[in-house]
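Hi everyone, and thanks for coming along. Today I'd like to walk you through one structure, a piece at a time. Please have a look at it while I talk.

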Amino acid sequence: MTVFFLSDYGTRDELVGVVHAVLAATSPGLTIIDLTHHIPAFDVRAGSHTLVRASPHLGPGVVLAVVDPGVGTERRGVCVSVTPPGNGPTFFVGPDNGLLVAAAELVGEAPITRAFELHRPGAVADRGSSFDGRDLFAPAAAALCGGVAPDEIGDPIDPLSLVRLPGGVVEHGRRNDGRRCVRAEVLWIDHFGNIQLAATAADAQRAALPGTGTGTGTVTVDIDLPDPLPGTTVRRIETFDELETGELGLLIDANGHLAVVAGRASAARTLTVEAGQMVVLTW
């Protein structure tokens, strides 16, 4: 069986290796695939968006995700079980802080119907409870890989009690001058500097964004700040190669979202944009 492991641990310290070691010792022979360990520290929304992007491509197994500002508190550890149509079960293991739900429902193609609060091991006298990745989640994931049923490692809970994060903001409307616009949250900036928006291809179609389905037309991008930056005109494109070096474009990315990109450059650096800010597309 396969464990898909995501965390905000980084790779400077030994934490990721320790979790690997616990998994391997508890369930020899399993395959571990690291999705990423460079989620910004404690950024649960970034971790959730990353899982959503990755989950459709993972297949059956255990998704072990740890982005956890509540470690050591009364925050629950959970296992969520979903069964994609025509496929085997996939288990999501991690903190009940909103990290898991969106990805689990995407994989299961339906609302979650089975969730369990993990049994917490007894306290160890000479150490604290600040490493749930090692002490709670890794043993649970390994047990599932070894064929243990989720109700043997946790107690059933109401799926409606799971913490959910609000979705990304997407608003359609018109400017005072009558031009159409879409206001969307920046969900993610990849390491190339491409700016992924909460608005999807369906939003673009619904809003009649210029070039929808054809890759042509121009759109004005405004960064929605207290002191807005002057509007920047970007060209609708279908591939990165259509852009000259440094030129800005707007495309539907590989995850089905609108993205502001730059030819062989960083759109985020050019526009001084960060995740969580709002971008207004006007035409």
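This is a predicted model: local features need pLDDT of at least 70, side-chain atom pairs count only at pLDDT 80 or more; totals for chains, interfaces and linings use all residues.

Now zoom in on one pair of neighbours. Strand 4, residues 77-82, and strand 5, residues 90-95, run antiparallel, and six bridges join them. As a landmark, look for cysteine 79, which stands opposite valine 93 in strand 5.

Helix 3 covers residues 101-108, and its buried residues are Val101, Ala103, Ala104, Val107 and Gly108. Where do they sit around the axis of helix 3? They span an arc of only 165 degrees, so they are on the same side of the helix. The cover over those buried residues includes helix 2, residues 44-54, together with strand 4 and strand 5. Just after helix 3 comes glutamate 109, and there phi is positive, at about 55 degrees.

On to the rings. How many aromatic pairs does a search of the whole structure find? The search finds two. In one, phenylalanine 5 and tyrosine 9 have ring centres 6.4 Å apart and planes at 70 degrees, so this pair is edge-to-face. Phenylalanine 5 is buried, because its relative accessible area is 0%, and tyrosine 9 is buried as well, with 16%.

Tyrosine 9 also pairs edge-to-face with phenylalanine 131, at 5.8 Å between centres and 85 degrees between planes. This pair links distant parts of the chain, as its two residues are 122 residues apart. Tyrosine 9 is in the loop between strand 1 and helix 1, while phenylalanine 131 is in the loop between strand 6 and helix 4. Is phenylalanine 131 buried or exposed? Its relative accessibility is 13%, so phenylalanine 131 counts as buried. Put together, Phe5, Tyr9 and Phe131 form one aromatic cluster.

There is another ring to look at, in tryptophan 188. Arginine 53 lies over the face of that ring, at 3.4 Å from its centre.

Finally, let's visit alanine 208. You'll find alanine 208 in the loop between helix 6, residues 201-206, and strand 11, residues 218-224. Its relative accessible area is 47%, so alanine 208 is partly exposed. Leaving aside neighbours within four places in sequence, alanine 208 is in contact with Arg180 and Trp283. Glycine 263 is 55 residues away from alanine 208 in sequence, and the two are 25 Å apart in space, C-alpha to C-alpha.

Notes: Residues are numbered from 1 along each chain as its sequence is written. Side-chain values use heavy atoms; hydrogens and water are left out. Rings of Phe, Tyr and Trp (its six-membered ring) pair if their centres lie within 6.5 Å; planes under 30 degrees apart count as stacked, over 60 as edge-to-face and the rest as tilted. Buried means under 20% relative accessible area, exposed over 50%, partly exposed in between (1.4 Å probe, protein chains only). Helices (H or I, at least four residues) and strands (E, at least two) are DSSP runs, numbered from the N terminus. A charge sits over a ring if NZ of Lys or CZ of Arg is within 6 Å of the ring centre and within 35 degrees of the ring normal. Two strands pair if DSSP finds at least two bridges between them. Contact means heavy atoms within 4.5 Å. The arc is that of the directions from the helix axis to the C-beta atoms.
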